Amino acid sequence: MRKVAIVTGGNRGIGLAIIRNMVRDGYVACTIGTSDESVCKPAFDEMRAQGGELFYFRGSIASDADRRAFVEEVVKRYGRVDVLVNNAGVAPKKREDVLVCTEESFDRVVGINVKGTLFMTQLVAREMLRQAPCEGRMRGVIVNISSFSSFVSSPNRAEYCVSKAGVSMLTRLFADRLAGEGIYVYEVQPGVIRTDMTSAVVEKYDRLLAGPQFPIHRWGLPQDVADAVSIFTSGKLAYSTGEVLHVDGGYMNIRSI
């Protein structure tokens, strides 16, 4: 039986890179995204041509109905879920000072990034608890994609920082609750990654990355994040949970000390 991975927001950027790794590692890859499937169809068709099995569901993790329909369909099709990667997330539509940011923006960002992640994890964890362990004592693996914005202050996007700090706490909460059940929870904290989300501030980050704050003077790539996820989903960390891996050019481990 092939193992099954759910990757939220897997239609582009970091999520698509994670999907590619999951398929490479022999997983059936299932994803939910708000865009039409045509956005990722060329990439998905390429992976299918190479023997990969993928399932795309159009919906939002912010919607209870969409979350439930997606997970139910995955279980109906494949019978189990071995990995959940909570990657889907949004930034504020407009960067505004913390003194003027709006409740509407806060509710949108936190509703997707924190609420959506919490209840998607709850749904999938319940499914994992119903299934027998697949490898040794491991019943499942959950990986949250947060950000170094969990700790690094950006006063012009407060709602994003708050939401990612919330995701980091979800890692701790679910790691604590699920460890005794054989489900292990980890977190990847990307730094400056070249994606659609950072495309509007390229010049700013070019300057920062060339400076002393970042020991590795280059942009991070979606593949860098995907490879970190693969470490956690490899099954080789069965005596660790709640671990956080920084993918930020050394920023948090060196310059922030």
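Trainee: Is tyrosine 186 buried or exposed?
Mentor: Tyrosine 186 counts as buried because its relative accessibility is 0%, where buried means under 20% relative accessible area, exposed over 50% and partly exposed in between, with a 1.4 Å probe and protein chains only. The model is predicted, so local features need pLDDT of at least 70 and side-chain atom pairs count only at pLDDT 80 or more, while totals for chains, interfaces and linings use all residues. Residues are numbered from 1 along each chain as its sequence is written, and side-chain values use heavy atoms, with hydrogens and water left out.

Trainee: And how many aromatic pairs are there?
Mentor: The count comes to seven aromatic pairs, taking rings of Phe, Tyr and Trp (its six-membered ring) with centres within 6.5 Å, and calling planes under 30 degrees apart stacked, over 60 edge-to-face and the rest tilted. Phenylalanine 57 and phenylalanine 70 form a tilted pair, with ring centres 5.6 Å apart and planes at 45°.

Trainee: Where do those two sit?
Mentor: Phenylalanine 57 is in strand 3 (residues 54-58) and phenylalanine 70 in helix 3 (residues 64-78), 13 residues apart; helices (H or I, at least four residues) and strands (E, at least two) are DSSP runs numbered from the N terminus. Both phenylalanine 57 and phenylalanine 70 are buried.

Trainee: Back to tyrosine 186, which residue does it form an aromatic pair with?
Mentor: Tyrosine 186 is stacked with phenylalanine 232, at 4.5 Å centre to centre and 5° between the planes. Tyrosine 186 lies in strand 6 (residues 183-190) and phenylalanine 232 in helix 7 (residues 222-233), so the pair ties together parts 46 residues apart in sequence. Phenylalanine 232 is buried as well, with a relative accessible area of 4%.
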